[in-house]
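Here is a friendly briefing to read alongside the model. Have the viewer open and follow the topics in turn.

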Amino acid sequence: MSEIAITVENLGKKYRIRHQAGRGQTNLREALSQGVSRLLEMKRPSSDEVEEFWALRNVSFETRRGDVLGIIGRNGAGKSTFLKLLSRITEPSTGSIEFSGRIASLLEVGTGFHPELSGRENIFLNGAILGMHRTEIRRKFDDIVNFAGVEQFLDTPVKHYSSGMYMRLAFAVAAHLDTDILLVDEVLAVGDADFQKKCIGKMHEVAQEHGRTVIFVSHNMPAVKSLCNRTLHLERGSVVAYGSTEEVLSSYLAKGSSNSGKWICEDPRPVQPGIQLLSVEMEDSEGASGMTYFSSRDLIVTTTFRLSATIPSLCVGFDIVTADGATAFRCYQTDQPENVWLRQKVGINRWTCTIPAGLLNGGTYYVSPRIALHNVKGLVMLDAVIQFEVMLSHGVSPFWNRERPGCVAPIMPWSAQEV
Amino acid sequence: MNRVGLIKHSMASTETLSKMETAPVAAAKTLPVIRVEASTGWLRLDLAAVWAHRELLYFLIWREIKVRYKQTALGAIWALLQPLMTMLVFTLFFGRLAKVPSDGIPYPIFAFSGLVPWTFFANAVTLSSNCLVNSANLITKVYFPRLTIPTAAVLSGLVDFAIAFAFLLLMMMAYKIRLTEQIVFIPFFVLLAIITALGVGLWLSAINVKYRDVRHTVPFLTQFWMFATPIVYPSSMLHEQWQRTIYGLNPMVGVIEGFRWSLLGSATKPGIMLAISTASALALLVSGAYYFRRMERTFADLV
């Protein structure tokens, strides 16, 4: 028998969405007048004004102490809602969660940091917000500072910190909290590779050495794969799969991806006013499309999108993702020199990218479209919309007759130098 | 109870971990089980949770104070300038021109002794009514008893109050007004001011989460409230007992009158009026706290 750390039963969270656009906040006058008219007419507000939206519905599962649970799913799948419920920030509409002990969330690290306060002061403040006692913070102060690597800047207001330093300090405080359950949401997206390694190490330590439970929400499949032993896959508020990370990840990547070489966006809403992704297609240089491609032919990826105005900072591209969720590479149209960038048209644009023959190794890959505003935000971050297989066929050498490791398999030029 | 077995199990299934650790540190075996589910109706206040987070309260107050006068040239002098300037204006217009009576106390002292607690109250109400909206990033990210936020907003004003109060004592020395033993009652009246401010702050902050109209209402509210409170005029202008009884329903009446009485020995003795003020302050606080708790569950979704 193993100890259950978290029991989730029939959990649901309902939000009400008002249909009048641009009415975020309620106005006292409206509430009063509605209340009065309701009293006068004795009727309830008509139900079509308000749409109910279930961010989570009928979610049930259990985790054991010491598990590192990954939660994956596309945007809007309910991942963040689940973390909010678990950390008691907001209440569920149905069902329950049971757990014991202290929960710390890194929903967004640096919560409560005040820009005017120094690093030292923020450590204490942030620690207190996360539920640490002063003596506890004092005891761990040096560890926190070392972990973050901000010794020289302890007495500088954090508004002068670089974003990396800020992040590191914020994560360091949270990571040193003695919790029974640690919630981590996408922190690894920030920080340099070195720091990411530190964070992953810390999460391992928390889970394994101290037998605590870590819940890790991420889009970063390799991170989920290397960190989590169990994974929960949510989609539109419901559990799609729950089990060992390997099983769930492979079904996650395969699910929802088209294997006909063509993917058409089902969700007609623009990702941002004026930008709408329509489809992604793939074919080889001979015009053949489907599931399997020969590595000796060029692969042509076509992204079709609609613009209602041209956008100078628009970046259109895609990731090629390997079967285990790692990104083989990412490319944007704007990676080319500026003078050859494609001209955006108002209306439908079809942009093609050629992945040269002889680049990819044999294996299964996914195409994940990416549309972003340069340095502002990512608009389309869909995962694995097209699944395809590559048959290695460009190796012409008699010595190249078996599979090789790696996701690329280019033939490189060699030469000998005179000695 | 098979803790070690469990650890082994989970380690085996995590391929990246190779080394076997010793048994985990002795975590408390019987941690209280927390159950998260939908709540209905009125919630209990759960003051124990607030008490458990008293260090957080302390840090929030400390942050508020620390940050308040950052990047200001005058710094904490602002705490003094606000009531002082108002006092000068009042002295000129009400004292000199309108010749409002002041119970035989020099008008500047009379006005200032009212303005010191009043400024504390008005600032506390203004700060606390906006505090939840201003702490949106905390509320949507971390769980802790939300009651700590308005409480911190109210209590953080005590430093400003202390500065202004010290200045009031200096002014009294300049006017050669003797302190009497009644001064021992001052803490009670400060407490009453805190209770009143917190009561109003809880109501307004919780309403403000949903109805942002509050932020536009507060400046008027405090202004009207000031004139309903004996700041510029003495309550002795009301003669009838029933008038004074109704007057006492405004808890700040009790605060200001009591303040003047214990500091300046002014004629108005705290009597039935103070009892009424105290009762109405407590009613404000308790109702505010319950209303706040009731609204609390929607804060993170609405703020």
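Two rings of Phe, Tyr or Trp, the last taken by its six-membered ring, count as a pair if their centres lie within 6.5 Å. Ring pairs of this kind join Phe124(A), Phe141(A), Tyr58(B), Phe59(B) and Trp62(B) into a cluster. Please keep in mind that this is a predicted model.

**Helix packing in chain A**

- Helix α3 of chain A (residues 119–129) packs against helix α4 of chain A (residues 134–148) at an angle of about 130°, and their axes are 10 Å apart.
- On the α3(A) side, the contact is made by Arg120(A), Ile123(A), Phe124(A), Gly127(A) and Ala128(A).
- These meet Arg134(A), Ile137(A), Arg138(A), Phe141(A), Ile144(A) and Val145(A) on the α4(A) side.

**Aromatic pairs**

- Over all chains, the count comes to 25 aromatic pairs.
- One of them is formed by Phe124(A) and Phe141(A), whose rings are stacked at 5.7 Å centre to centre with 25° between the planes.
- This pair links distant parts of the chain, as Phe124(A) belongs to helix α3 of chain A and Phe141(A) to helix α4 of chain A, 17 residues apart.
- Phe124(A) and Phe141(A) are both buried.
- Phe185(B) and Trp261(B) form a tilted pair, with 5.4 Å centre to centre and 40° between the planes.
- Here too the pair connects distant parts of the chain: Phe185(B) lies in the loop between α8 (157–174) and α9 (186–210) of chain B, while Trp261(B) lies in helix α12 (residues 251–264) of chain B, 76 residues apart.
- Phe185(B) has a relative accessible area of 41%, so this residue is partly exposed.
- Trp261(B) counts as buried because its relative accessibility is 12%, and buried means under 20%.

**A loop residue in chain B**

- Where is Ser135(B) found? Ser135(B) sits in the loop between α5 (107–134) and α6 (136–139) of chain B.
- Is Ser135(B) buried or exposed? Ser135(B) counts as buried, because its relative accessibility is 9%.
- The C-alpha atoms of Ser135(B) and Ile149(B) are separated by 8.0 Å, with the two residues 14 residues apart along the chain.

Definitions and conventions
Residues numbered from 1 in each chain as written. Chains lettered and ligands numbered in written order. Predicted model: local features only at pLDDT ≥ 70, side-chain atom pairs only at ≥ 80, totals over all residues. Heavy atoms only, no water. Axes fitted to C-alpha atoms, helices over the stretch in contact; angles between N-to-C directions. Helix = DSSP H or I, 4+ residues; strand = E, 2+ residues; numbered from the N terminus. Contact = heavy atoms within 4.5 Å. Phe/Tyr/Trp six-rings, centres within 6.5 Å; stacked < 30°, edge-to-face > 60°. Buried < 20%, exposed > 50% of the residue type's maximum accessible area, 1.4 Å probe, protein only.
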